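Thanks for coming, everyone. I'll keep this short. Have a look at the model first, then I'll walk through it.

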Amino acid sequence: MAVQTLQSVPIRPWVPRWLGIVTAFVVMLPIILINGAYTGNITEVSGTLGVLSEDISMAYYATSAGMAVAYPLIPKVRPVVTTKTILLSDLLLQVILSFICAQVNQMDIIIVCSFFIGFLKAFAMLEIIIMIRPLFSPQNIRSEFYAYFYPIVFSAGQVSMAVTAQLAYYYQWQYMYYFVILLLLIAIVFILMFFRYAERPINFLLRRSIGEVFCWSPRSCYSRFGRQPTGRHSTGSRPLKLRYTSFCCLC
């Protein structure tokens, strides 16, 4: 079971199995807890900003709307971007959006940020599900996996509400965003340290008159120009194959 889980987590060769599993859960924790608006401090936010509780509920549900919009796009993005790239860019953007939510006083901005937080959360959540699924269901049985996964997610949601209420009571309502930002930064450090570098090539077929092949990668950037064919087949359009590899940021 541990071996299968290790294969699903893209860790470096020198990282032990148990650390790979810990890394997956460290990344999963802030992704489960993060939200654009937290219902545990709805009274505090409503009184501080002078807004209706319905406005805060709208920001909360904007996160779900963002996730719903993102799910149809995930199958198109995953084949061309590595897991490390998705998680790093996703968590970094969520850090920025959470910081904006903690600093602004306009609910319109918080609602917009909540939508994009949900949009990014969908990408990261699917990567986490793929990584931890062999741990709970080695035979890849969906019902068996979700029997473990849903209690974890629902329990984390309740814990999030309790932590939000406690931070709002003893400090301010913004401190829940700062707490999640801290968890996101820790997850980013784990990803940078233990996730391996990977390249994912993509091939595109284009129509051009000259057979030019451009190759791009994060480690080298160069172009190769093929010779134009001579003879009776020299005229007319020829298929052009464009190959590049996805860029793994901060690797």
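**Helix H3 and what surrounds it**

Let's start with H3, whose buried residues pack against H4 and H7. Bear in mind that this is a predicted model.

Which residues of H3 are buried? They are Val45, Ser46 and Leu49. Viewed down the axis of H3, these buried residues fall within an arc of 100 degrees, so they line one face of the helix. An α-helix has 3.6 residues a turn, so residues three or four places apart point the same way. Now turn to the face of H3 directed away from the buried side. Thr43 and Gly47 are the exposed residues there. After H3 comes Gly50, with a positive phi near 70 degrees.

Next, the core. The largest nonpolar core has 59 residues. Val27, Leu91, Met107, Ile110 and Ile132 touch the most other members. H2, H3, H4, H6, H7, H8 and H9 each supply at least two residues of this core. Which helix gives the most? H7 does, with 14 residues.

Take Leu91 as an example. Beyond its neighbours within four places in sequence, Leu91 contacts Val27, Ile31, Leu184, Ala187, Ile188 and Ile191. Another core, of seven residues, lies apart from the largest one. Its members include Met67, Ala70, Ile74 and Val81.

On to Phe195. Where does Phe195 sit? In the loop between helix H9 (175–194) and strand S1 (201–208). Buried or exposed? Phe195 has 0% relative accessibility, and the cut-off for buried is under 20%, so Phe195 counts as buried. Setting aside residues up to four places away in sequence, its contacts include Val9, Pro10, Ile11, Arg12, Met131 and Phe190. Look at Val9 in particular. Val9 and Phe195 are 186 residues apart along the chain, yet their C-alpha atoms are separated by 8.0 Å.

Last, the largest pocket. How much space lies in it? About 580 Å³. There are 25 lining residues, and Ile32, Asn35, Tyr60, Lys121 and Val153 are the closest to the centre of the pocket. Helices H2 (17–33), H4 (53–70), H7 (107–136) and H8 (142–170) each give two or more residues to the lining. The largest share comes from H8, with nine residues. By type, the lining divides into 15 nonpolar residues, nine polar and one charged.

That's the tour. Questions, please.

How values were computed
Residues are numbered from 1 along each chain as its sequence is written. This is a predicted model: local features need pLDDT of at least 70, side-chain atom pairs count only at pLDDT 80 or more; totals for chains, interfaces and linings use all residues. Side-chain values use heavy atoms; hydrogens and water are left out. Helices (H or I, at least four residues) and strands (E, at least two) are DSSP runs, numbered from the N terminus. Buried means under 20% relative accessible area, exposed over 50%, partly exposed in between (1.4 Å probe, protein chains only). Contact means heavy atoms within 4.5 Å. On a 1 Å grid over the protein atoms alone, a cavity is a set of points where a 1.4 Å probe fits but cannot get out, and a pocket is an open set with protein on both sides within 12 Å along at least five of seven lines; lining residues have an atom within 4 Å of a point. Grid points are joined across faces, edges and corners, and a volume is the space filled by probe spheres set on the points. Ala, Val, Leu, Ile, Met, Phe, Trp, Tyr, Cys and Pro count as nonpolar, Asp, Glu, Lys and Arg as charged, and the others, Gly among them, as polar. A nonpolar core is a set of buried Ala, Val, Leu, Ile, Met, Phe, Trp, Tyr and Cys residues joined through side-chain atoms within 4.5 Å. The arc is that of the directions from the helix axis to the C-beta atoms.
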